[in-house]
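Good morning, and thank you for coming.

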Amino acid sequence: MPGVRMVPAMTETALSKMVGRREGGILERVVLAVTFGLVVIFTLFIDGFATAGNLRVVLSNSASLVMLSCGMAVVIISRGLDLSLIAQMVAGATIFSVMVSGGSPASLALLVAVVAMATVGFVNAFLIAYVGISAMLATLASAMFVTGVFRFAILRGEFILLLPKSNPAVMFLAGNILPGVTVPVALMIVTLVATALLLRVSTAGSVIYAMGDNYQAARLTGLPVRRTTVIVYVFASITALLAGLVTSAASGAVDFRTVSSGTLLFDVILVVVLGGIPLRGGRGGIRNILIGAALIAILRNGMTLMNFTTQTQDALRGVVLILAIVIDNYLNPRDTETDTVGDL
Amino acid sequence: MVYKFGNRVRNAAIALLVGASVALGSAGTTSAGTDIAGKKVIFIPIAMGISLTEGWARRMKEDAALHGYTLEIRDPAFSSSAMAELLAKAISEKPDVLVVHNPTVQLLARQIKQAEAAGIKVLQLNLQSNQPSSAFVGANWTRIGHDVAEDIVKECGAGSGKSGKVAIIPGQLTAADSVMLNDAAFKVFKDHPEIQVVSNQASDWEPEKARQITATVLQQHPDLCAIFGHWDVHTMGAGHAVKDAGLEDKVLVYATGGGDNVTCKAVEDKILDRVWSYDADGQGRDAATMIDLLLQGASAKDGSMLSVDSPLKIIKAGPTYDPSLCWKM
Amino acid sequence: MSAQIDFASLPKQHVPLWVVSPRRILADILAKGWIESTIPFLALLCVLVGIALTTNDYFSPANLQNLAQYSADGGLVVLALLIVVAAGGIDLSVGSNFAMSAFVALYCFHILGLPVPAVLALTLAAGAAVGIANGIVAGLLGCGALLTTLGTMITVRALFALAAQAELVEISTSSRTDDLWDWIGFEKFLSVPIGAWCLITVSVLVFVLFRQLRFGWHILAVGGNRKAARHGGIPVRTTVFLAYLLAGLIVGLAGFLFAARQNSISVADTGIGMEFFALTALVVGLGGFVPGKGSPVTALIGFATIYLLNNAMINAGYRGDFVQIWMGGIIILILTIDVRFRKNRHRLLASTYLDPVALDAGSVQGMNGLMPNEMEPKLSAAEILASGRVDGPEDVILDAEGNLYCGNRNGCILKIAAPAYTDVSVLAKIGGRPLGLAFDREGRIVTCVAGMGLIRVTMEGAVELLTDETSRSLFSVQDDTAIRMADDLDIGPDGTIYFTDATKRYDIDNWGLDLLEGRPNGRLLSFDPKTRKTRTVCDNLLFPNGVCLTHDGKHLLVASTWACSILIFDLARLSDGPRVFLNGLPGYPDNINRASDGGYWVALAGMRNPVFDKVLKHPELRRRMTRRVPPTNWLFGNLNIGGVLKTDGLGKVVDALWDAPDGPLYMITSMREHEGSLFLGGVTNDKIGRLALEGADARWTGPASYWGRTG
């Protein structure tokens with residue numbers, strides 16, 4: 001069984017990459033240092049930044065972002081891209097919310113939402129792995145389709161669904177599960193653990209890294225790349241669903257304009273990339289997600305506390321991203337000999 | 001509790017009736033019902049699928065069915081460039097009346113002028129463009145901003161024993177309604193130095209963003225007195241943040257909106273405290289009436305705009321709360 | 001000494017005027033370059049027909065003008081993206097740049113009060129500035145394009161919002177009007193809006209850029225293969241930089257048009273989602289995300305498809321959600337069909353390209369007592385010359401002094417000096433695959449080079465291309481003017497060169513497939529050195545191969561390889577078509593050359609066998625075989641072991657020279673008689689054989705036979 005013999009060797013290289021012994025770790029170290037620097041500066045200069053209460057706010061505000069980033073990270077590590085993530089997040093929350101508001105038990109609503117989202121993820125993977133449309137385009141089109149279908153079929157054309165805060169399911173999702181630990185934070189931890197298990201422990205994880213490293217090689221050695229693509233995109237859909245549940249319960253609304261404005265999607269990509277997961281795929285782990293999310297969350301929190309306008313925050317974020325790319329490029333330049341066109 | 005009509009409203013309504021009767025008289029026509037049957041009206045909102053425009057559309061459709069004119073609704077789904085294209089096509093179709101829902105004061109000005117020049121009567125809804133046209137139906141944003149600010153001063157200002165800290169959550173700092181609301185409010189606050197605006201960050205009309213901003217602001221200012229959200233939908237996100245922080249009895253959440261029953265539900269749930277509603281349902285009826293009049297050839301005597309200033313309803317939590325102030329789809 | 005040929009009494013050979021086969025037409029169409037954009041084009045057609053059927057006045061002149069006016073800026077953005085994508089990048093910042101440019105235009109016009117040309121210049125500069133930022137980071141520094149432009153997209157968007165926020169009220173209240181500004185925004189020239197003129201102009205410029213200009217070719221090379229472009233000396237980073245700059249300029253123009261038309265911007269949504277819209281349009285047009293391709297026409301087809309679809313649906317009054325479902329669904333459908341079509345096109349082409357017909361070469365005639373099992377293998381007595389030093393001498397020829405010349409696989413003409421025939425030197429390097437050879441009256445070698453055409457080589461080694469194309473044949477789907485496989489030639493007494501193009505459908509590497517097809521794919525051509533005109537003498541011949549002028553100089557013998565026959569043309573009446581000189585040969589005839597006794601030598605490249613003769617009668621069998629069986633297992637004609645036949649002047653086979661089963665000269669494709677010896681070459685041999693002929697005229701040479709005894 002040659003396929004089985006090969007996996008341990010591959011896991012070894014994959015693990016060594018995740019541990020960061022290779023050159024990929026430079027950016028994340030820089031980002032980590034910048035994050036610490038920001039924490040120090042904010043602590044010194046902003047009242048109410050270094051408080052337990054604010055930490056809780058940072059955590060619950062970034063819970064959905066981290067969950068989405070987990071899904072996106074897995075997709076990107078397998079050298080894919082999922083632009084329909086936000087559409088799926090809103091769509092999943094829609095199903096759940098509509099059913100819960102209609103009086104269905106939360107467990108049934110969750111089951112239906114999971115099945116629906118898994119279907120969406122499967123369709124994405126099918127378009128990419130079986131039909132052969134490139135990931136960016138397939139998910140770009142499916143984002144449009146998913147948004148349309150869910151608005152049409154479930155919301156009857158509405159853009160926004162408002163949730164009653166009195167619903168027990170909504171109250172549970174927005175409340176505390178343990179003293180001091182809110183459900184969003186708990187779900188975030190669960191998602192992170194699930195991502196770590198998928199990437200590090202499961203066989204699929206090894207295949208994901210192999211696909212990211214060299215898709216053709218992975219395919220030609222007989223690894224189940226198509227099946228793994230399905231796993232990857234279904235996993236991403238489920239993380240999107242969880243993020244959607246948390247967000248909608250917290251803000252009491254499901255809002256399809258989140259999809260069209262695009263800022264959340266770019267934030268997710270920002271988290272993944274700033275954490276040090278290259279778009280080329282093949283490397284990175286949950287630590288990278290945490291680092292990237294920490295930078296974005298702390299930046300956002302600090303700037304909101306300083307009453308910066310949303311636009312100023314955006315401008316700073318854009319500059320941070322460009323700086324990170326340039327620094328990364330300087331520390332870890334591309335090899336012009338192996339540089340191919342597909343690497344965007 | 002119906003807010004009293006402003007003088008301007010009354011004047012406008014009188015002018016409108018006079019104008020209409022003059023126009024009718026000069027035309028020498030008989031029955032309004034038969035006269036406008038078969039005429040064509042095109043309605044271009046910013047987007048369908050939100051209670052505001054759906055509420056208008058419902059009343060207009062009823063009216064169209066009643067009087068036998070055709071009403072076509074074209075949905076640009078929040079894209080202003082699509083809106084411009086739709087308007088261009090609509091103008092070349094030469095309908096009798098064109099109903100537009102301006103996203104900004106300037107964006108559609110040229111096309112409104114074009115349409116009027118082509119003999120199409122343009123009815124502007126909710127936000128008046130720089131370019132005058134045949135008619136306008138909508139809320140007076142400056143007045144809303146002023147009234148809300150006055151109320152905030154009353155609740156949080158000198159003598160209230162509160163901190164006087166206010167957070168404003170506009171939809172977008174440059175959206176025309178947000179600009180007018182903020183201008184009016186800041187004018188009021190200027191005379192009351194005890195009122196301190198601690199945050200003025202736009203939510204892009206999204207509840208989740210409003211929630212995150214509010215949660216962060218509340219950390220820094222747990223003694224916040226009031227939040228003024230420019231739209232009830234995104235302000236509900238802010239209200240959730242207040243409720244999550246357990247401050248729903250201390251922080252007053254103000255909002256404005258179309259006043260459908262979701263708003264009342266939010267007030268009942270203590271998500272929102274006071275909502276200045278411009279009553280989209282009533283606006284829809286006003287718009288429908290205005291369309292009728294325009295189709296019958298109504299115009300102001302001196303060629304100026306016919307204008308209906310929407311009456312406001314104030315939905316207030318507390319003992320005076322009245323769910324009948326909201327309308328239901 | 002030669003016998004008189006009675007042309008009129010020979011049986012006529014039927015030659016089809018044209019070859020019609022649906023399968024071939026399909027294959028030829030599939031091989032066309034424009035077939036790549038079929039699916040996008042069909043999609044546009046479907047959208048147009050769909051709209052025309054479901055609406056009343058959508059294509060009215062007034063609305064067409066509207067469409068032209070409002071779609072121009074979107075089209076420009078698509079073209080900008082096309083340039084960047086062609087260079088192997090991507091630009092997500094087009095939407096933000098568009099909004100920023102529109103703002104700059106309005107600011108310059110309303111706040112600064114500049115004249116319109118200055119507004120245009122500053123707007124273009126603003127657009128270019130974003131392009132330069134992208135270009136520096138993604139081009140000169142070499143960072144990833146997606147992330148770089150994502151960063152500039154977010155930053156520029158935010159800067160736009162901040163700036164617009166500060167100035168919008170003042171812009172909205174400005175009352176400045178300007179005739180030129182309004183003219184650009186609203187007026188029409190020749191009833192086409194100004195914006196549309198801009199789009200047309202830019203499209204033409206982009207078209208010229210990618211077709212004609214060096215810079216455009218550099219962009220395509222960089223997009224096609226960065227490494228190869230760098231090795232080819234193209235300044236990759238500068239090229240990418242300039243591509244972004246150019247894209248920024250075009251987006252700036254689009255923003256200017258928008259500002260002039262709308263006279264306003266919306267901070268909330270001007271340019272939002274534009275990058276995805278443009279990307280979708282580009283992808284629908286190009287059928288995927290393909291760098292290294294710059295075709296503005298297909299990009300605009302994609303744009304028109306998406307734009308019209310969306311515009312028609314919202315105009316028909318469908319709600320946003322419904323429109324989204326259809327847009328998403330239709331784009332997925334188009335992409336799916338397109339991706340599958342592209343993936344399977346070459347497969348379909350490969351399975352339809354080979355298009356066999358029944359072929360019956362008749363039974364073997366006139367070989368009584370001459371078959372290999374009936375006589376001695378005379379070739380075993382041949383002496384081997386230059387063994388291992390010539391690679392594939394398809395044809396051999398000797399000059400009056402007895403020096404031997406042949407072509408080889410490396411594309412050279414080799415000279416093997418008499419009398420020892422041990423000294424091999426390169427006479428000329430041509431390239432291609434030199435096949436047939438002939439001496440002209442001036443003693444220069446004229447050769448047929450497969451893949452190149454007809455070439456003349458002087459004894460000094462100078463190479464001159466005589467011709468490489470003929471006129472296009474009637475009803476051809478694929479352009480067949482190029483001479484694909486020039487095979488053999490001979491020169492008439494008036495100097496006209498007659499040569500064969502053995503097959504129009506296969507190259508030298510897989511000419512054997514022409515046998516499996518068994519169709520008349522070849523042609524006889526002539527080239528007149530005086531007028532330098534190439535003429536198709538006779539089209540649709542069955543693998544015309546060897547050419548030989550008869551001894552009387554009045555007729556032309558042409559071997560028809562798969563028909564196992566030799567045809568004869570009357571030089572005085574070429575238009576009468578060929579007649580059969582000799583048929584029922586036991587093998588596949590290759591070159592034909594004169595013999596000293598007035599007869600002809602015919603090389604057999606391979607021998608027929610009953611099994612393959614049977615196979616040739618069943619085209620369906622061959623078609624199924626080539627589709628389902630790997631090529632190594634195909635039943636194939638024997639093109640390995642042949643021999644030489646000798647005929648008399650009237651086409652009767654009088655002798656046969658066979659090889660012994662163990663060699664040494666397996667496949668014979670040519671032979672030349674020279675002073676009593678026969679020199680033998682083979683296209684797959686690595687040697688030349690020399691066989692002493694008994695009773696041959698020891699003074700006879702080829703050049704003398706053709707051009708008289710000159711020395």
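Let me begin with a term: two residues are in contact if their C-beta atoms, placed from the backbone, lie within 7 Å. Please note that this is a predicted model, in which local features need pLDDT of at least 70 and side-chain atom pairs count only at pLDDT 80 or more, while totals for chains, interfaces and linings use all residues. Residues are numbered from 1 along each chain as its sequence is written, and chains are lettered from A and ligands numbered from 1 in the order in which they are written.

With that term in hand, consider I83(C). Leaving out residues up to four places away in sequence, I83(C) touches V206(C), I219(C), A243(C), L246(C) and A247(C). I83(C) and L81(C) are the residues with the most contacts inside the largest nonpolar core, which has 360 residues. Helix α11 of chain C, residues 236-262, gives the largest share of this core, 19 residues. By a nonpolar core I mean a set of buried Ala, Val, Leu, Ile, Met, Phe, Trp, Tyr and Cys residues joined through C-beta atoms within 7 Å. A residue is buried if 20 or more other C-beta atoms lie within 10 Å of its own, exposed if 12 or fewer, and partly exposed in between, with C-beta atoms placed from the backbone. Helices (H or I, at least four residues) and strands (E, at least two) are DSSP runs, numbered from the N terminus.

Next, a pair of helices in chain C. Helix α3 (residues 61-86) and helix α13 (residues 296-315) of chain C pack at an angle of about 135°, and their axes are 10 Å apart. Axes are lines fitted to C-alpha atoms, for helices over the stretch in contact, and angles run from 0 to 180 degrees between N-to-C directions. Why is α3(C) called oblique to α13(C)? Angles under 35 degrees count as roughly parallel, over 145 as roughly antiparallel, 65 to 115 as roughly perpendicular and the rest as oblique, so the angle of about 135° makes this pair oblique. Among the residues in this contact are G74(C) and V78(C) of α3(C), together with F303(C) of α13(C). By class, the contact has nine nonpolar, four polar and no charged residues. Here Ala, Val, Leu, Ile, Met, Phe, Trp, Tyr, Cys and Pro count as nonpolar, Asp, Glu, Lys and Arg as charged, and the others, Gly among them, as polar.

Let us turn to chain A and its partners. Its contact with chain C takes 45 residues from chain A and 50 residues from chain C. The side of chain A that touches chain C has 23 nonpolar, 15 polar and seven charged residues. The contact with chain B takes 33 residues from chain A and 31 residues from chain B. On the side of chain A that touches chain B, there are nine nonpolar, 18 polar and six charged residues.

Between these two chains, the axes of α11(A) and helix α8 (residues 207-220) of chain B come within 9 Å and cross at roughly 70°; the two helices are therefore roughly perpendicular to each other. T247(A), A250(A) and S251(A) meet P207(B), E208(B) and R211(B) there.

Finally, chain B itself. Its secondary structure comes to 11 helices and 12 strands, and 63% of its 329 residues are buried. A82(B) lies in helix α4 (residues 80-93) of chain B. Is A82(B) buried or exposed? A82(B) counts as buried because it has 23 C-beta neighbours inside 10 Å.
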